Amino acid sequence: MTETKKSIHGEWSSRFAFILAATGSAVGLGNIWKFPYITGENGGGAFVIIYLVCILAIGIPIMMAETLMGRRGRQSPINTMKDLAKEAGADENWHLLGWLGVIAGFLILSYYSVIAGWAGAYVLKSVTGSFFDGSAAEIKSLFDSFIASPLQLMFWHTLFMAVTMYVVSQGVKGGIERAVRFLMPSLFFILILMVGYAMSSGGYEQGLEFLFYPDFSEVTGESVLTAMGHAFFTLSLGMGAIMVYGSYLPKGISIGKTAILIAGADTAVALLAGIAIFPIVFANGLEPSSGPGLLFQSLPIAFGNMGGGFIFGTLFFILLVFAALSSSISLIEPAVAWLVENRNMSREMACLWSGVITWLVGLGTVFSFNIGSEFKIFDKTIFDLLDYLTANLMLPIGGFCIAVFAGWIMKAEHTREELAPSAAWHYALWKFLVCFVSPAAVFFVFLNVIGIL
Ligand code: TRP
């Protein structure tokens, strides 16, 4: 592998562009829709602390590993893994890790698109004044009747998939980079505004107490697994998304600092979303454990009853759609990059095919909320099953292998070279985390869930 090798798909124009794209990938529905509802289902504070520890001890080191592997390999994760394994004199089969990632990306996008579609539908509801003066009960029934309609969900899912595939077809610079430039900062501002509103909603103290006061007696093996899985999910780790973005990263940029920045921004958005949502939940007597509808049943109450709420609501859901979009493009990029490299397809055809397949799988999630809600496998709807399979199993397994590969398989001189401008003890700390802490953490959490520990 030569020093000057560049990705055939193009390169980021600057470090800032990479940070924006990776933050765009990280910040999405995971932060604003999923984090609050799984926190609500898993008892609050203690879950939040476990999640934060996972971000620090597992997320950041693995994010660095993925980025440096991508930058060294310069191709889709499948081919990158092939080359890096060869370079390290390791087994070719490591490229199967790239495949695991491609499949995980498809599966996640299939349901991600459905939920992003909900956000799209809520832009329209907000514009047409559906939340106006709404009571908690009215807002809930608005949501319930919406998800009861397979046709409506299908319409928005289709629209979101089409837009995603169009953006991806435009390529790294044209589509992805331009799309995230203004949107992330705007989303941040509107969340701060919602936190301001939540402070005056009457449930502020209770909301904060729920989020930050840890009661470890509520913690189960499953909730630890969910917290860990979510750390992977929210940082877009374990399936090659960050690896593929790393492959477009020019040499000579500090990977460590960049990873800390991205993880910090991602965590800040999740916590802000929690601080905005839970006060409204408690002030209106909602259940913190209401599941995937939590966001859609809480914030609209605020929008319907605050001055200018119509504008803020519309803006909020528009930004949420864009946050989802900048994440969804990274879910499909590894597959598209591989099709272009190995199947000799044009980027457009690659997008068309992967889009159609993802859309079809997504119908399973559409029906999970209405006509198919009784159809269960292992006591889970298709949506629940896909979510569990990807976030709780595939991503941690992928992350485990990435940590082992970067820590144990790659030559130290190569990882050292990629992390180059960092101090010796920074490198030593990273190495310790990827060699021991991250893999062991994943391993023990799995053992615990299986019931061996
Ligand atoms: N991190 C995104 C979110 O929180 C979702 C996402 C994008 C993702 N790319 C990913 C999750 C890759 C896992 C793997 O909304």
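## Threonine 390 and its surroundings

Setting aside neighbours within four places in sequence, threonine 390 is in contact (heavy atoms within 4.5 Å) with Ala104, Leu107, Ile108, Tyr111, Leu395 and Pro396. The residue belongs to helix α17, residues 382–409; helices here are DSSP runs of H or I, at least four residues, numbered from the N terminus. Threonine 390 counts as buried because its relative accessibility is 0%; buried means under 20% relative accessible area, with a 1.4 Å probe and protein chains only.

Its side chain also meets backbone oxygens. A polar side-chain atom of threonine 390 lies 2.7 Å from that of leucine 386. The backbone oxygen of aspartate 387 is reached at 3.2 Å.

## Basis of the model

This is a predicted model: local features need pLDDT of at least 70, side-chain atom pairs count only at pLDDT 80 or more, and totals for chains, interfaces and linings use all residues. Residues are numbered from 1 along each chain as its sequence is written, and side-chain values use heavy atoms, without hydrogens and water.

## The ligand shell

The ligand is surrounded by 17 residues (a heavy atom within 4 Å), and the closest are Ala26, Gly30, Tyr112, Phe233 and Ser330. A side-chain N or O atom of tyrosine 112 is 2.5 Å from a ligand oxygen. A backbone N or O atom of leucine 29 lies 3.1 Å from an oxygen atom of the ligand. In serine 330, a side-chain N or O atom is 3.0 Å from a ligand nitrogen.

Helices and other elements giving two or more residues to this shell are α1 (15–26), α2 (29–41), α5 (96–127), α11 (221–234) and α15 (309–342).

Methods
Buried means under 20% relative accessible area, exposed over 50%, partly exposed in between (1.4 Å probe, protein chains only). A polar contact is a pair of N or O atoms within 3.5 Å; within protein, one must be able to donate a hydrogen and the other to accept it, and residues adjacent in sequence count only if both atoms are side-chain atoms.
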